[in-house]
Amino acid sequence: MSCWNCWHEENFADMTFEVRCAISADHPSLPGHFPDAPLVPGVLILDEVRAALLDWQKDYELAAIRAVKFLQPLKPEQQFTICFSVNDYDPSEINFCCRIKGRVIAEGQLEVYCRTKVTS
């Protein structure tokens, strides 16, 4: 599981996606996480990952977060990029990473399903 798949030539294909975002400094969870030195809680980063997934693939739904590692802290208002790449062997597995200027701050693997998939 590595985000660096996003940097291959396939980055411009339908199987990868990137989006930039930031968590507002006035988000209600920040004052308690940590007073006088706020950091964005991991759950808020994962919420942005889910929202980005739905922006990319509107018919997908998140079934599970199979793995996640938080490698660096994220500060309020700090711009970060969410990158997705589909597992070559199983399209229901999507790798993601969050970066700040090329530095990975979080990465993981999602399990998704298609809400509009027709079964016979």
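The sulfur of cysteine 21 sits 7.0 Å from the closest cysteine sulfur, that of cysteine 98, which is too far for a bond. A disulfide here is a pair of cysteine sulfur atoms within 2.5 Å, and by this rule the count is zero. Cysteine 21 is buried, at a relative accessible area of 12%, while cysteine 114 is partly exposed at 30%. Buried means under 20% relative accessible area, exposed means over 50%, and partly exposed is in between, with a 1.4 Å probe and protein chains only.

A word on the model. This is a predicted model, where local features need pLDDT of at least 70 and side-chain atom pairs count only at pLDDT 80 or more, while totals for chains, interfaces and linings use all residues. Residues are numbered from 1 along each chain as its sequence is written, and side-chain values use heavy atoms, with hydrogens and water left out. pLDDT is the predictor's confidence in each residue, from 0 to 100; its mean for the protein is 84, and 84% of the residues reach 70 or more. Over residues 1-13 it stays under 50, and there the model has 24 contacts beyond four places in sequence, a contact being heavy atoms within 4.5 Å.

Next, the aromatics. Searching the whole structure gives four aromatic pairs. Rings of Phe, Tyr and Trp (its six-membered ring) pair if their centres lie within 6.5 Å; planes under 30 degrees apart are stacked, over 60 edge-to-face, and the rest tilted. Phenylalanine 17 and tryptophan 56 have ring centres 5.8 Å apart and planes at 10 degrees, so this pair is stacked. The pair links distant parts of the chain, 39 residues apart: phenylalanine 17 is in strand 1 (residues 16-21) and tryptophan 56 in helix 1 (residues 42-56). Helices (H or I, at least four residues) and strands (E, at least two) are DSSP runs, numbered from the N terminus. Phenylalanine 17 is partly exposed at 21% relative accessibility, and tryptophan 56 is buried at 12%. Tryptophan 56 also pairs with tyrosine 60: the centres are 6.4 Å apart and the planes at 70 degrees, so that pair is edge-to-face. Tyrosine 60 is buried too, with a relative accessible area of 16%. Phe17, Trp56, Tyr60 and Phe84 form one aromatic cluster.

Now the second largest pocket. It holds about 160 Å³ of space. Ten residues line it, and the closest to its centre are Arg20, Gln79, Thr81, Ile100 and Lys101. Strand 3 (80-86) and strand 4 (93-100) each give at least two residues to the lining. A pocket is an open set of points on a 1 Å grid over the protein atoms alone, where a 1.4 Å probe fits, with protein on both sides within 12 Å along at least five of seven lines; lining residues have an atom within 4 Å of a point. Points are joined across faces, edges and corners, and the volume is the space filled by probe spheres set on them.

Which backbone angle stands out at lysine 101? Phi is near 50 degrees, a positive value in a residue other than glycine. Lysine 101 lies in the loop between strand 4 and strand 5 (103-114), and is exposed at 85% relative accessibility. Glutamate 77 also has a positive phi, near 70 degrees. Glutamate 77 is in the loop between strand 2 (60-70) and strand 3, partly exposed at 48%.
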